[in-house]
Amino acid sequence: MTKVLTEPRSIRIKGRSFLAVVLTPDPPFDDWLVRLDDLAARSAGFFLGRPVVLDVSDIEIDRPQLKALIAELAARNVSIMGIEGGRPSLVEPGMPPQLKGGKPAADYEVPRNEAGESEKATGTEEAAREHAGQAAPQVVVQQSPVSAPSMIVRETIRSGQSVIYTQGDVTVIGSVQSGAEVIAGGSVHIYGALRGRALAGCVGNADARIFCRKFESELVAIDGVYAMTDDMDPELKGHPVQLWLEGDAIMTERMT
């Protein structure tokens, strides 16, 4: 009789970091939800398929309020992957887990193909869109050594594409189309038209700026402070513009 012995397979557990959007609600929550609805209405698809963390570190909230807030967000297709801050007793089984040790920047494991084409990473956002039966946008993530604190994109960023570079500045020698976005740890420089979204200082850099040759943006953000086009001077549209942060306000100036 032949006896075959097989050793049990080990369970593979890996650590992995993802770039998540952190929402920090402000009471009264009804007013905050109205502002969130306004953001979503003027920037369609901004939260679609994105991993979102709800930060309740600096607010007074009890469990019923938290559950109601999560339900309101779920009704808006904002899926909460975790809760940061607050008392341990706030979270009960069935709610998103509490997260600890969050960092302002994420590390990316970027696959390289044999042909040396542009590096692309498809992670949580793509999986969420596939689950919803929707086409996933292209996400281009660049990782460079410390000696190269900037990224240069030598083409137009088209609708549905995201360029994410948390180590420094992003320079686009082209335009950013409507429905596209650029996310940079430093400043964003766009030599064409900015019609989509530009988020500068995404890892906590209040000195970051946004520069573009033709300003037609859907949404801009610096160090987590957001502003919509409708909130800005309409005379800026179509002109070279720079944007920077003063306190909690985004300042704008036409460039010559």
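**Close-up 1. The loop around Asp-223, between strand S13 and strand S14.** Asp-223 is found in the loop that runs between strand S13 (219–222) and strand S14 (225–228), where helices (H or I, at least four residues) and strands (E, at least two) are DSSP runs numbered from the N terminus. The model is a predicted one, in which local features need pLDDT of at least 70, side-chain atom pairs count only at pLDDT 80 or more, and totals for chains, interfaces and linings use all residues. Residues are numbered from 1 along each chain as its sequence is written, and side-chain values use heavy atoms, with hydrogens and water left out. Although Asp-223 is not a glycine, its phi is positive, at about 55 degrees. With a relative accessible area of 30%, Asp-223 is partly exposed; buried means under 20% relative accessible area, exposed over 50%, and partly exposed in between (1.4 Å probe, protein chains only).

**Close-up 2. The open sheet of 6 strands.** The strand order in this open sheet is S6-S8-S10-S12-S15-S16, and the pairing is mixed; two strands are taken to pair if DSSP finds at least two bridges between them. Strand S6 (150–153) and strand S16 (249–254) stand at the edges with a single partner strand each, so one side of each is left without a neighbour in the sheet. On average, and with direction ignored, neighbouring strands of this sheet are turned by 20 degrees against each other; axes are lines fitted to C-alpha atoms, for helices over the stretch in contact, and angles run from 0 to 180 degrees between N-to-C directions. Within the sheet, strand S12 (residues 210–215) pairs with strand S15 (residues 241–246) in the antiparallel sense over 3 bridges, and Phe-211 stands opposite Gln-242 in S15.

Close-up 3. An open sheet with parallel pairing has its 4 strands in the order S1-S2-S3-S4. S1 and strand S4 (98–99) are the edge strands, each of which pairs on one side only. S1 and strand S2 (residues 52–55) run parallel and are joined by 3 bridges, with Leu-54 in S2 as the bridge partner of Leu-23. Pro-28 is found in the loop between strand S1 (21–23) and helix H1 (29–42), and the peptide bond that joins Pro-27 and Pro-28 is cis, with omega about -5 degrees.

Close-up 4. H2 lies across S1, S2 and S3 and runs at about 150 degrees to S2, contact here meaning heavy atoms within 4.5 Å. At the start of H2, a side-chain oxygen of Asp-62 reaches to within 2.8 Å of the backbone nitrogen of Gln-65. Leu-66, Leu-69, Ile-70 and Leu-73 are buried in H2. Seen down the axis of H2, these buried residues fall within an arc of 100 degrees, so they line one face of the helix; the arc is that of the directions from the helix axis to the C-beta atoms. The exposed residues Pro-64 and Ala-75 are carried on the face of H2 turned away from its buried side.

Close-up 5. Asn-77 is found in the loop between helix H2 (63–75) and strand S3 (80–84). Its phi is near 65 degrees, a positive value in a residue other than glycine. At 56% relative accessibility, Asn-77 counts as exposed.

Conventions. Polar contact = N/O pair within 3.5 Å; in protein donor to acceptor, adjacent residues only side chain to side chain.
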